[in-house]
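Please consult the sequence and the structure alongside the text.

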Amino acid sequence: MENNIRPGDIRTFLKAWREDYVYKTLVSAGASFACTALFALYHGYLGLRYSSVWHSSICVFYFLLMLIRGSILLTEKKNQGLPETEKELSRHRTFLLSSAMMVALDLSLMLPLALMVTQATPVSMGLVPAIAMAAHTTYKIILASIHFRREKRNPCSNLLVWELRMVHFIDALVSLLTLQNTLIMVNRKHDAANDMFYVSAISSAVIYAVIVIVTVSMLLQGRRKMAPDTRSDRC
């Protein structure tokens, strides 16, 4: 069978990946969208199969995250070839819609967070997979933090690309919450007398507070980005 992928296509992709920040962000968001959809389906299935509150609540979180990323990607896809003024109007509409979903996303975390703190979540993995999960989460947080700082220093960036980076950062913080819960549960298997309730409660509250602060900051800054007068002053 003839191979339809030409070397020139690969070189074009790699060049765009290196030089076009918006393209790189959207491609990364597309991969994240696919992973998020799989997570939502996986937890949704387990929630129905075992009547699990934990898996059902996490399914709701991933479903909302999938909708936010999907709406942004769909908007940018539809914006191709449109005049810049129409692109901005389309981005503004999507930002308002996704902002409402961001608020719902934060609220959806309250139930799984309570289950984490009370150590009522099912965890079936050993120490080695937990360590691998910790390494991946650390990488994810570092990368999201770098892009988060970069976007905050660029007031003239694409509104939806900027929002995607904020969403990636929140997703990384939720991964940190999940990692903390996993390590506590794995450690509890080896030490039945270990009680991490207060540590889990305090650290979870701090991380959740950061998530809420990032969300509120994103909504406020996003509204300023949408204002033509202030945007023209900054740019």
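Which residues have the most contacts inside the largest nonpolar core? In this predicted model, they are Phe61, Ile68, Met102, Leu105 and Ile211, within a core of 40 residues.

**Overall make-up**

- The chain contains nine helices and zero strands, and its elements follow the order α-α-α-α-α-α-α-α-α from the N terminus.
- Of the 235 residues in the chain, 43% are buried.
- When contacts between residues at least 6 apart in sequence are considered, 78% of them join residues at least 24 apart.

**The largest nonpolar core**

- The core comprises 40 residues, and Phe61, Ile68, Met102, Leu105 and Ile211 have the most contacts inside it.
- At least two residues of this core come from each of α2 (21-50), α3 (53-78), α4 (84-108), α5 (110-117), α6 (127-152), α7 (159-190) and α8 (197-226).
- The greatest contribution to this core is that of α7, which provides 12 residues.
- Ile68, one of the residues with the most contacts inside the core, touches Ser98, Met101, Met102, Leu105, Glu163 and Val167, when residues up to four places away in sequence are not counted.

**The pairing of α4 with α8**

- The axes of α4 and α8 come within 11 Å of each other and cross at roughly 165°.
- Angles over 145 degrees count as roughly antiparallel, and α4 and α8 are therefore roughly antiparallel to each other.
- The crossing of these two helices, α4 and α8, is left-handed.
- On the α4 side, the contact is made by His92, Phe95, Leu96, Ser99, Met102, Val103, Asp106 and Leu107.
- On the α8 side, the contact is made by Tyr208, Ile211, Val212, Thr215, Met218, Leu219, Gly222, Arg223 and Met226.
- Sorted by class, the contact of α4 with α8 has 11 nonpolar, four polar and two charged residues.
- Met102 of α4 and Ile211 of α8 take part in this contact, and both are among the residues with the most contacts inside the largest nonpolar core.

**Thr94 in α4**

- Thr94 lies in helix α4.
- Is Thr94 buried or exposed? Its relative accessible area is 9%; residues under 20% count as buried, and Thr94 is therefore buried.
- Leaving aside neighbours within four places in sequence, Thr94 is in contact with Ser71, Ile72, Thr75 and Leu160.

How values were computed. Residues are numbered from 1 along each chain as its sequence is written. This is a predicted model: local features need pLDDT of at least 70, side-chain atom pairs count only at pLDDT 80 or more; totals for chains, interfaces and linings use all residues. Side-chain values use heavy atoms; hydrogens and water are left out. A nonpolar core is a set of buried Ala, Val, Leu, Ile, Met, Phe, Trp, Tyr and Cys residues joined through side-chain atoms within 4.5 Å. Buried means under 20% relative accessible area, exposed over 50%, partly exposed in between (1.4 Å probe, protein chains only). Helices (H or I, at least four residues) and strands (E, at least two) are DSSP runs, numbered from the N terminus. Contact means heavy atoms within 4.5 Å. Axes are lines fitted to C-alpha atoms, for helices over the stretch in contact, and angles run from 0 to 180 degrees between N-to-C directions. Angles under 35 degrees count as roughly parallel, over 145 as roughly antiparallel, 65 to 115 as roughly perpendicular and the rest as oblique. A crossing is left-handed if the near helix is turned anticlockwise from the far one by less than a right angle, and right-handed if clockwise. Ala, Val, Leu, Ile, Met, Phe, Trp, Tyr, Cys and Pro count as nonpolar, Asp, Glu, Lys and Arg as charged, and the others, Gly among them, as polar.
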